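Thanks for coming. I will talk through one structure, starting with a sheet and ending with the DNA.

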Protein chains: 2
Amino acid sequence: MRAWTRLLRAHAAATRLLNAELQAKHGLSVNDYEALYLLSQSEGGRLKRIDLARRLALTPSGVTRLLEGLEEGGLVERTSCPSDRRVAYAELTKDGAAKLEAASCGHVGSIRELFEEHFADDEIDELAELLARFPGVAGTDDSCPAA
Amino acid sequence: MRAWTRLLRAHAAATRLLNAELQAKHGLSVNDYEALYLLSQSEGGRLKRIDLARRLALTPSGVTRLLEGLEEGGLVERTSCPSDRRVAYAELTKDGAAKLEAASCGHVGSIRELFEEHFADDEIDELAELLARFPGVAGTDDSCPAA
DNA sequence: TGTGTATTATTGAGAACGCAAATGAGTGTA
DNA sequence: TACACTCATTTGCGTTCTCAATAATACACA
């Protein structure tokens, strides 16, 4: 029980902090950033919308809304798939890659700072390992295509 | 970095699951439940709104909105403080205590299930200990008045 | 081929929450 | 007393997300 309530609090506090900073400096939300990052790590800089949803732990409709904003800003482009006309790809644009580049240094720094202020290096690994146990979390953070 | 993104995913996935269940069975959100629980554990079944905000990792305005719903449902009552007329207490009503009682068994069970399915007991403790390091998380989950 | 089912994506409606601004109340200082 | 400052709370507004319903496509099988 303590573990659960603390997960709630830790997420709320950390998210609010990082969101505010990212928003102020670059006009991006944390999820905007994560989406751009995932695209940048994927082959061809693009990902099926549904895969993006799974990796971000959002619903498909959440992804539609998220990408709406990014497309409007010209950071992401909609591409269609010739072999399956149901799927739409989200593809990183040049502007999107540049935006990610510009934001990443500061953002990664803030995250490092937040964690290293309170944890030793091996504790961070431990935390990551434990969190990966939750359903749907494992294997969502690297560039593997998530078959 | 992995630790951070996994914290995001784990929270999103777990919250969505437990929220849906709690909502379907009792018409409460996770934060509704947490608020009722915190009140039930506090002296006199009441808490200053601002303390509730801190313990839930919400902003004061978030608490106002949350309590709006609970007051409408008769689960919580607004009480004033004689010694400082700025503060308003949120006080658990009989109905609120009953509602909490009714929901707690199933909800706690779901949480246990979710965690015990993926973790050993000592790993849960470890996770709780690590999460407590985040700023503002420590000491928010028991009944201490959070001076 | 025709039909039923699963999958991908979008839309409408609504919930939850944050920020900024405003209000009213306490506190300290001259 | 008068003034500035801080604190608890609420309100308006915008953002982000979910759920349920819908549409279009793919696929499996008789």
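Let me begin with one strand pair. In chain B, β1(B) and β3(B) pair in the antiparallel sense over three bridges. One position to look at here is Leu47(B), which stands opposite Ala90(B) in β3(B). Before going further, please keep in mind that this is a predicted model.

Now the other side of β3(B). Strand β3, residues 88-92 of chain B, is joined to β2(B) by five bridges, and these two strands also run antiparallel. Arg78(B) stands opposite Ala90(B) in β3(B).

Put together, what is the order of the three strands in chain B? They form an open sheet in the order β1-β3-β2, with antiparallel pairing. The edge strands are β1, residues 46-48, and β2, residues 76-80, of chain B, and each of them pairs on one side only. From one strand to the next, the twist averages 30°.

Two helices pack on this sheet. Helix α2, residues 30-40 of chain B, touches β1, β2 and β3 of chain B, and its direction makes about 95° with that of β3(B). Helix α3, residues 49-56 of chain B, touches β1 and β3 of chain B, and its direction makes about 90° with that of β1(B).

Next, chain A. Three strands of chain A form an open sheet in the order β1-β3-β2, and the pairing is antiparallel. At the edges stand β1 (46-48) and β2 (76-80) of chain A, each with a single partner strand, so one side of each has no neighbour in the sheet. On average, neighbouring strands of this sheet are turned by 30° against each other, direction ignored.

Within that sheet, β2(A) pairs with strand β3, residues 88-92 of chain A, over five bridges in the antiparallel sense. One of the facing pairs is Val76(A) with its bridge partner Leu92(A) in β3(A).

As for the helices of chain A, α2 (residues 30-40) lies across β1, β2 and β3 of chain A and runs at about 90° to β3(A). Helix α4(A) lies across β2 and β3 of chain A, at about 115° to β2(A).

How are the two chains related? A rotation of 180°, with 0.0 Å of shift along its axis, superposes chain A on chain B with an RMSD of 0.0 Å. That is the relation of a two-fold axis. The same surface serves both copies, since 100% of the contact residues of chain A recur in chain B.

How many residues does each chain bring to that contact? Chain A gives 35 residues and chain B gives 35 residues. On the chain A side, α1 (2-26), α5 (94-118) and α6 (121-131) each supply at least two residues. By class, the side of chain A that touches chain B has 22 nonpolar, five polar and eight charged residues.

Which residues come nearest to DNA strand C? Of the 24 residues around DNA strand C, the nearest are Ile50(A), Ser61(A), Ser61(B), Gly62(B) and Arg85(B). Elements that give two or more residues to this surface are α1, α3 (49-56) and α4 of chain A, together with α4 of chain B. Its largest share, five residues, comes from α4(B). By class, the residues near DNA strand C divide into eight nonpolar, eight polar and eight charged.

DNA strand D is surrounded by 23 residues, and the closest are Gly62(A), Arg85(A), Arg49(B), Ile50(B) and Ser61(B). Here the elements with two or more residues are α4 (60-72) of chain A, together with α1 (2-26), α3 and α4 (60-72) of chain B. This is where α4(A) returns: the largest share of the surface near DNA strand D, five residues, comes from α4(A). The residues of that surface divide into seven nonpolar, eight polar and eight charged.

That is the end of the tour. I can take questions now.

Note on methods: Residues are numbered from 1 along each chain as its sequence is written. Chains are lettered from A and ligands numbered from 1 in the order in which they are written. This is a predicted model: local features need pLDDT of at least 70, side-chain atom pairs count only at pLDDT 80 or more; totals for chains, interfaces and linings use all residues. Two strands pair if DSSP finds at least two bridges between them. Helices (H or I, at least four residues) and strands (E, at least two) are DSSP runs, numbered from the N terminus. Axes are lines fitted to C-alpha atoms, for helices over the stretch in contact, and angles run from 0 to 180 degrees between N-to-C directions. Two residues are in contact if their C-beta atoms, placed from the backbone, lie within 7 Å. Ala, Val, Leu, Ile, Met, Phe, Trp, Tyr, Cys and Pro count as nonpolar, Asp, Glu, Lys and Arg as charged, and the others, Gly among them, as polar. A residue is near a molecule or strand if its C-beta atom, placed from the backbone, lies within 6 Å of it. Copies are superposed by least squares on the C-alpha atoms of residues with pLDDT of at least 70 in both.
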